[in-house]
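This report looks at a ligand site and at a few residues of one protein. Please have the sequence and the structure open while reading.

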Amino acid sequence: MISLYEAQEFVLSKVERKRAIATPLDKALGLVTSGDVVSMVNIPPFDNTAVDGFAIDTESLEELARRGSVTLSVEGTIAAGDGKLREIPRGSTYRIMTGARTPEGTAAVVMVEDSIDLDGGAVELRGALSHGSNIRRKGSDVSTGDVVVPEGTVLNASHIGTLASIGLVRVPVYRRLRVGVLSTGDELKDGGESLEEGQIYDSNRHSLVAALSQSGVEVVDLGIIRDDADLIRDALSKAAKEFDAIATSGGVSVGDFDFTKAIVQELSQGNARWMQIAIRPAKPFAFGVLDGAAFFGLPGNPVSALVSFELLMKPALAKMAGKDRQLPKFVKARSVSGYKRSLDGKIHFIRGVVSFEDDEITALPLPKQSSHNLNEMSQSNCLIEVPDSEGFEAGDLVRVLVNSSVWI
Ligand code: AMP
Ligand code: MG
């Protein structure tokens, strides 16, 4: 057996970041920027009001401060989008709407809530304001020449919005990965088909397609392949030409019909490695590079397939996608119950539920911990790391890998 870290380092050493391209902004969510994005404009492009209200000059602002109110005649109304440059005549004010360009000489904007309309087109303004109150200055969000999004950023919704705010149409990123997924196993059927004795529905293909989609790659479902060496060889060599990465499940253990591991070895011209990793679940794993595509031979047991994805495939995809942060990050949590295990030379990753209490994170190990208990896994939101030991007691601190969807 090799350590998890050695397996991760091996996989990471064999994959490379993909090409940088300029992609349309609305296709860039989750991709990583391949260079700094510098703004050519100021945002806001002009001084404007943050509130609906009345634009006043320095003299009126001073009177307001001195007397607690000021009465002014209303010169007109300025709507958002009205670009005309105005000045405030002495003793006057403009009614002005949020986002509208402030007239020259505006010292502050009084909120409409602090105004009383008087007869004859006048208004009485109140409130405690200082110079610049309720004015959004030109360039106060972004100035020309600012790096708005640095290289290496994983683009989220607010990055996309920021890039849109500076008028960007295409963004420099590492291109989106394309990943093919297939299942191997004579026992597997698709939902909608009827099961004969001894058969089961294929769940791995679907859970892996889902996990890959959540990781921001483009996924293609390549179906079920029977436990037949020729069929597996054909499917893998074809997929290797088309995809950046391929995930299979099943056929990497020590059973009589576990062909995948040998075929990968053959197709990769010997660069592949079939590993026994000192973890539970997900001990068997195969990795190799076939025709430039990264091949991940994940185990067949449904919990193992997902754990293997999380600990081994996701870090490699992260590197290929240009992400700096590749290995999963764990946080400390206090376990609300004990967990017994025995020494076997492996780290166990058990399924649990983390909760975010007032002042700490707690973790609850779930009762069913076999690698076929996929339904139990679906009730969990974390993996709890249990080092090779006799387990832990209630109240102990444990390391947990929180399912990323919990943070969303
Ligand atoms: P294998 O690694 O091929 O020996 O499979 C290990 C276990 O996982 C067996 O019980 C298989 O029936 C099961 N298994 C393999 N592939 C899948 C799949 N795609 N969906 C659900 N269970 C599977
Ligand atoms: Mg099998």
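A pocket here is an open set of grid points with protein on both sides within 12 Å along at least five of seven lines. The space taken by ligand 1 is the second largest pocket. The model is a predicted one.

**The ligand site**

The shell around ligand 1 holds 16 residues, and Glu187, Asp202, Ser203, Gly251 and Gly300 are the closest.

| Residue | Protein atom | Atom of ligand 1 | Distance |
|---|---|---|---|
| Glutamate 187 | polar side-chain atom | oxygen | 2.6 Å |
| Serine 203 | polar backbone atom | nitrogen | 3.0 Å |
| Glycine 251 | polar backbone atom | oxygen | 3.1 Å |

Ligand 1 taken alone exposes 490 Å², and the protein buries 76% of that area.

Is threonine 248 buried or exposed? Threonine 248 counts as buried because its relative accessibility is 0%, and the cut-off for buried is under 20%. This residue belongs to strand β17 (residues 245-249). Not counting residues up to four places away in sequence, threonine 248 touches Leu182, Leu236, Thr260, Phe295, Phe296, Gly297 and Leu298.

Phenylalanine 285 is part of strand β20 (residues 284-290). With a relative accessibility of 0%, phenylalanine 285 is also counted as buried. Its contacts, again leaving out residues up to four places away in sequence, include Val11, Val252, Trp274, Phe296, Gly297 and Leu298. Between phenylalanine 285 and valine 353 there are 68 residues in sequence and 26 Å in space, from C-alpha to C-alpha.

**Loops and backbone angles**

Proline 44 lies in the loop between β2 (37-38) and β3 (48-49).

Glutamine 269 has a phi near 50 degrees, which is a positive value in a residue other than glycine. The loop that holds glutamine 269 runs between α6 (260-267) and β18 (273-276). Glutamine 269 counts as exposed because its relative accessibility is 75%, and exposed means over 50%.

Aspartate 291, in the loop between β20 and β21 (293-298), has a positive phi near 55 degrees. A relative accessible area of 56% makes aspartate 291 exposed.

Definitions and conventions. Residues are numbered from 1 along each chain as its sequence is written. Chains are lettered from A and ligands numbered from 1 in the order in which they are written. This is a predicted model: local features need pLDDT of at least 70, side-chain atom pairs count only at pLDDT 80 or more; totals for chains, interfaces and linings use all residues. Side-chain values use heavy atoms; hydrogens and water are left out. Helices (H or I, at least four residues) and strands (E, at least two) are DSSP runs, numbered from the N terminus. Buried means under 20% relative accessible area, exposed over 50%, partly exposed in between (1.4 Å probe, protein chains only). Contact means heavy atoms within 4.5 Å. A residue is near a molecule or strand if one of its heavy atoms lies within 4 Å of it. A polar contact is a pair of N or O atoms within 3.5 Å; within protein, one must be able to donate a hydrogen and the other to accept it, and residues adjacent in sequence count only if both atoms are side-chain atoms. Accessible areas come from the Shrake-Rupley method with a 1.4 Å probe; for residues, only the protein chains shown count as cover. On a 1 Å grid over the protein atoms alone, a cavity is a set of points where a 1.4 Å probe fits but cannot get out, and a pocket is an open set with protein on both sides within 12 Å along at least five of seven lines; lining residues have an atom within 4 Å of a point. A molecule sits in a cavity or pocket if more than half of its atoms lie within 2 Å of its grid points.
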